[in-house]
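Subject: Structure handover

Hello,

Here is the structure I promised you. Please open it and keep it in view while you read.

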Amino acid sequence: MQTKPEETRARDGTLVIVDMQPGYTFDCKNPLLLTSVLQEIEAAMKLGWAVVALEVAPWKWGATDDAIKALLKGYKRFQVKRKSNDDGSREVIETCDKYGFDKDNFRVVGVYIDACVVDTAVSLVERLPRALVRVIKAACSTNFDEPGAWAAFRRRSRLVVA
């Protein structure tokens, strides 16, 4: 029996990078934040996943970290989207619709656990009834009490913190 290509291909997905801008990451408590985010990007690229980097306004905090942009340079399934509040789910969904990126399987990384990461992740599962959202704990951070931020992280069906 011959295997169909779609059966052997890894499940498609979209990696969402939240606010990895120097003005936000400089005082984060996770010393391995950038390294872990870069590892998530490399894994996503190997699987052929889409990557959406959210940047919060005002942009006085700078654009997405240079190391992230360098790693993704030339990657055809990469888009940067600007947002004006903590919740970037609308921008992620619009980008997925425009470029044909997967809207059922997300991995979320970035800052801040207690604001933009949680708001974006929760809203993705609330707006997309088939979406599974996995927040990657090792690739997230905040600028104060990380254990407290994780303890207060809003849980939802189809949202997993791993």
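Below is what was found, from the overall fold down to one residue.

First, the ground rules. This is a predicted model, in which local features need pLDDT of at least 70, side-chain atom pairs count only at pLDDT 80 or more, and totals for chains, interfaces and linings use all residues. Residues are numbered from 1 along each chain as its sequence is written, and side-chain values use heavy atoms, with hydrogens and water left out.

**Confidence**
The mean pLDDT (the predictor's confidence in each residue, from 0 to 100) is 92. A score of at least 70 is reached by 93% of the residues. Residues 1-9 fall below 50. Beyond near neighbours in sequence, that stretch makes one contact in the model (contact means heavy atoms within 4.5 Å).

**Overall fold**
The protein has seven helices and six strands. These are DSSP runs, numbered from the N terminus: helices are H or I with at least four residues, strands are E with at least two. Along the sequence the pattern is α-β-α-α-β-α-β-α-β-α-β-α-β. The radius of gyration, taken over C-alpha atoms, is 15 Å. The globule rule (2.2 Å times the number of residues to the power 0.38) also gives 15 Å for 162 residues, so the protein is as compact as a globular protein of that length. Buried residues make up 49% of the 162. Buried means under 20% relative accessible area, exposed over 50%, partly exposed in between (1.4 Å probe, protein chains only).

**Strand β4**
Why is strand β4 largely enclosed by the rest of the structure? Six of its seven residues (105-111) are buried. Strands pair if DSSP finds at least two bridges between them. Strand β1 (residues 14-18) pairs with β4 in the parallel sense, over five bridges. There, I17 has V109 of β4 as its bridge partner. Strand β5 (residues 132-141) also runs parallel to β4, joined by six bridges. V108 has V135 of β5 as its bridge partner. From β4 the chain crosses through helix α6 (residues 113-127) to β5, and this crossover is right-handed. That means clockwise from the first strand over the helix to the second, with the strands pointing away from the viewer.

**E91**
Find E91 in helix α5 (residues 89-99). Is E91 buried or exposed? Its relative accessibility is 3%, so E91 counts as buried. Leaving aside neighbours within four places in sequence, E91 contacts L54, K81, R82, K83 and S84.

Best wishes
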